[in-house]
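Thanks for coming. Please have the sequence and the model open while I talk.

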Amino acid sequence: MKKLFVTLILVLFTAPTICLADGASDYKAKCAACHGAKANLLPKTARLLKADPKKLALKASQMNREEMIAITEKGKDKMPGFEKEMTKDQITSIIDYVMALRKK
Ligand code: HEC
């Protein structure tokens, strides 16, 4: 009985952390270089990439979740697509992380 209790506690505490960390750490590894750690406006990076700063600031983007997932899969202009290196699940959790940043 005690063992079961300990296992339950462990699962309860680790599962949500793993799910949340996933999108956040993938975002930092794959997206932050161009879109910034907080998905904010980055005029300097935009100049370097010769991109529209408003499109880089994902936090301010007007796109909905599905449009963002589609762009992340297929890429757009100077942005590479990620469907070959990541699974749909990984991409979806990155976008969920970005959507959570947008609410802040
Ligand atoms: C090499 C730099 C680069 C990387 C890495 C990158 N992006 Fe982008 N991204 C861009 C550029 C440039 C644009 C603007 C494209 C355009 O001209 O419409 C963009 C646009 C977007 C848009 C559309 C925003 C809008 O409102 O128009 C989304 C969503 C997006 N990126 C998500 C991501 C995600 C998620 C990742 C990580 C998996 C990522 N990007 C990685 C450069 C990058």
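Where does aspartate 77 lie? Aspartate 77 is in the loop between H5 and H6. Before going on, the ground rules: this is a predicted model, in which local features need pLDDT of at least 70, side-chain atom pairs count only at pLDDT 80 or more, and totals for chains, interfaces and linings use all residues. Residues are numbered from 1 along each chain as its sequence is written, and side-chain values use heavy atoms, with hydrogens and water left out.

First, the overall layout. The chain has six helices and zero strands, and along the sequence the pattern reads α-α-α-α-α-α. Helices here are DSSP runs of H or I with at least four residues, strands are E runs of at least two, and both are numbered from the N terminus. Of the 104 residues in the chain, 31% are buried. Buried means under 20% relative accessible area, exposed means over 50%, and partly exposed is in between, using a 1.4 Å probe and protein chains only. Taking contacts between residues at least 6 apart in sequence, 42% join residues at least 24 apart. A contact means heavy atoms within 4.5 Å.

Now the ligand. The ligand sits in the largest pocket. A pocket is found on a 1 Å grid over the protein atoms alone, as an open set of points where a 1.4 Å probe fits, with protein on both sides within 12 Å along at least five of seven lines. To sit in one, a molecule needs more than half of its atoms within 2 Å of the grid points. The elements that give two or more residues to the shell around the ligand are helix H2 (32-35), helix H4 (53-56), helix H5 (65-74) and helix H6 (88-103). H5 gives the most, with three residues.

How many residues surround the ligand? There are 22, and the closest are Cys31, Cys34, His35, Ser61 and Met79. The cut-off for being near is a heavy atom within 4 Å. By class, the shell has 14 nonpolar, three polar and five charged residues. Ala, Val, Leu, Ile, Met, Phe, Trp, Tyr, Cys and Pro count as nonpolar, Asp, Glu, Lys and Arg as charged, and the others, Gly among them, as polar.

- Serine 61 has a side-chain N or O atom 2.8 Å from a ligand oxygen.
- Aspartate 77 has a side-chain N or O atom 3.1 Å from a ligand oxygen.
- Lysine 76 has a polar side-chain atom 3.2 Å from a ligand oxygen.

Back to aspartate 77. Is aspartate 77 buried or exposed? Aspartate 77 counts as exposed because its relative accessibility is 76%. Its phi is positive, about 45°, although aspartate 77 is not a glycine.

Next, H5 itself. After H5 comes glycine 75, with a positive phi near 80°. Within H5, Met68, Ile69, Ile71, Thr72 and Glu73 are buried, and the buried residues of H5 pack against H6. On the H6 side, take threonine 92, which is found in that helix. Threonine 92 counts as buried because its relative accessibility is 16%. Leaving out residues up to four places away in sequence, threonine 92 touches Arg65 and Ile69.

Last, two positions in other loops. Alanine 37 is in the loop between H2 and helix H3 (43-49). What does alanine 37 touch, not counting residues up to four places away in sequence? The partners are Tyr27, Ala32 and Tyr97. At 45% relative accessibility, alanine 37 counts as partly exposed. Lysine 50 is in the loop between H3 and H4, and has a positive phi of about 50° without being a glycine. Lysine 50 counts as exposed, at 66% relative accessibility.

That is all I have.

Notes:
Polar contact = N/O pair within 3.5 Å; in protein donor to acceptor, adjacent residues only side chain to side chain. 1 Å grid on protein atoms, 1.4 Å probe; cavity = no way out; pocket = protein on both sides within 12 Å on 5 of 7 lines; lining within 4 Å.
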